[in-house]
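This report describes one structure, beginning with a single residue and its contacts. The sequence and model are shown here.

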Amino acid sequence: MRTPFIAGNWKMNVTDKEALAFVDAVKDRVPSNEEVESAVCAQALSLKGMTEKAKETDLRIGAQNMHEEDHGAFTGEISAPTLTSIGIDLVIIGHSERREMFNDTDERVNRKLHAALAHGMTPIVCIGEKLEEREASRADEVVRKQLEQALQGVEAEQVKGCVFAYEPVWAIGTGKSSNPEEAGEMARTIRAYIRDQYGHSAAEATRIQYGGSVKPENIAEYLADEDIDGALVGGASIKVDSFLSLLEAAQ
Ligand SMILES: O=C[C@H](O)COP(=O)(O)O
């Protein structure tokens, strides 16, 4: 039985002051990790302060991205050793916005995934098709290829600790959520791929989130599917009440 995992991805929408106030407001109200795991992924600047406030609570703080190298001349980037040194062990990798706007190619996603695993971090690996790919009936093929490339050289034991977020690009921030049946079918495609490549126990341990216009009103429909183990939520994770409602619906 996989514990549901609800992660907020605030993108660039929450200031440091707001981020700290959010942690203060939710930290004693999130469910226990045995029931639902909860996390928020914030801008890098806020991570240290948030982590200090969330210490000894069941709210996990994560990064939205990191560089694949441990150090070097990469102005403006943030590394896994820097993140782990302040207690961050959760990171989103390959979000479609980064794939689209910041050159996160499949190859870089793979390198970032290796870096996260090498530093003992939990990666949330984002995969998902664009609208034209779904309309051309290529969604499965696109997602399988993203998975195959992201996981090059990753061992079965490591796959167990990965979280995969299926986020159809056309459903992100648009209010047009994927219907829960289609999202469930894709979660099964992802799990079947992992079973074929890495075996039954990796497939059973891996958690698969759905992301794309998830809200308190629709999250239960996704979580009702036995292959959807949580959600990666953008807009609806920013307000305290909305975030807590998402967690409540997952309990
Ligand atoms: O990472 C989260 C996704 O991009 C979904 O964003 P959204 O819930 O605002 O559609």
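## K11 and its surroundings

Leaving out residues up to four places away in sequence, K11 touches C41, Q43, Q64, H95, E97 and I172, where contact means heavy atoms within 4.5 Å. K11 is found in the loop between β1 (5-9) and α1. Helices (H or I, at least four residues) and strands (E, at least two) are DSSP runs, numbered from the N terminus.

## Basis of the model

This is a predicted model, in which local features need pLDDT of at least 70 and side-chain atom pairs count only at pLDDT 80 or more, while totals for chains, interfaces and linings use all residues. Residues are numbered from 1 along each chain as its sequence is written, and side-chain values use heavy atoms, with hydrogens and water left out.

The protein chain has a mean pLDDT of 97, and 100% of its residues reach 70 or more; pLDDT is the predictor's confidence in each residue, from 0 to 100. The model scores are ipTM 0.99 and pTM 0.97.

## Annotated binding site

In UniProt, the feature "binding site" (unreviewed entry) is placed at N9, W10, K11, G173, S213, G234 and G235. These positions are spread over 227 residues of sequence but cluster in space, with a largest C-alpha distance of 13.9 Å. From this set, N9 and K11 are in the lining of the largest pocket. UniProt positions are given in the numbering used here, feature names are shortened, and annotations may be inferred rather than shown by experiment.

A pocket, on a 1 Å grid over the protein atoms alone, is an open set of points where a 1.4 Å probe fits, with protein on both sides within 12 Å along at least five of seven lines; lining residues have an atom within 4 Å of a point. G173 lies in the loop between β6 and α9. Its relative accessible area of 76% makes G173 exposed; the classes are buried under 20%, exposed over 50% and partly exposed in between (1.4 Å probe, protein chains only).

## Annotated active site

The UniProt annotation "active site" (unreviewed entry) covers H95 and E167. They are spread over 73 residues of sequence, yet they cluster in space, and the largest C-alpha distance is 8.5 Å. H95 is the member of this set taken in by the lining of the largest pocket.

H95 sits in the loop between β4 (90-93) and α4 (96-101), and E167 in the loop between β6 (163-166) and α9 (180-198). H95 counts as buried because its relative accessibility is 4%; E167 is buried because its value is 5%. The side chains of E167 and H95 make a polar contact (3.2 Å), meaning a pair of N or O atoms within 3.5 Å; within protein, one must be able to donate a hydrogen and the other to accept it, and residues adjacent in sequence count only if both atoms are side-chain atoms.

Apart from neighbours within four places in sequence, H95 is in contact with N9, K11, C126, E167 and I172. With residues up to four places away again not counted, E167 touches H95, C126, I127, G128, E129, I172, G211, G212 and L232.

## Helix α1

In helix α1 (residues 16-26), the buried residues are A19, F22, V23 and V26. Seen down the axis of α1, they fall within an arc of 95 degrees, so they line one face of the helix; the arc is that of the directions from the helix axis to the C-beta atoms. Their cover includes β2 (37-42), α2 (44-54), β3 (59-63) and α12 (240-250).
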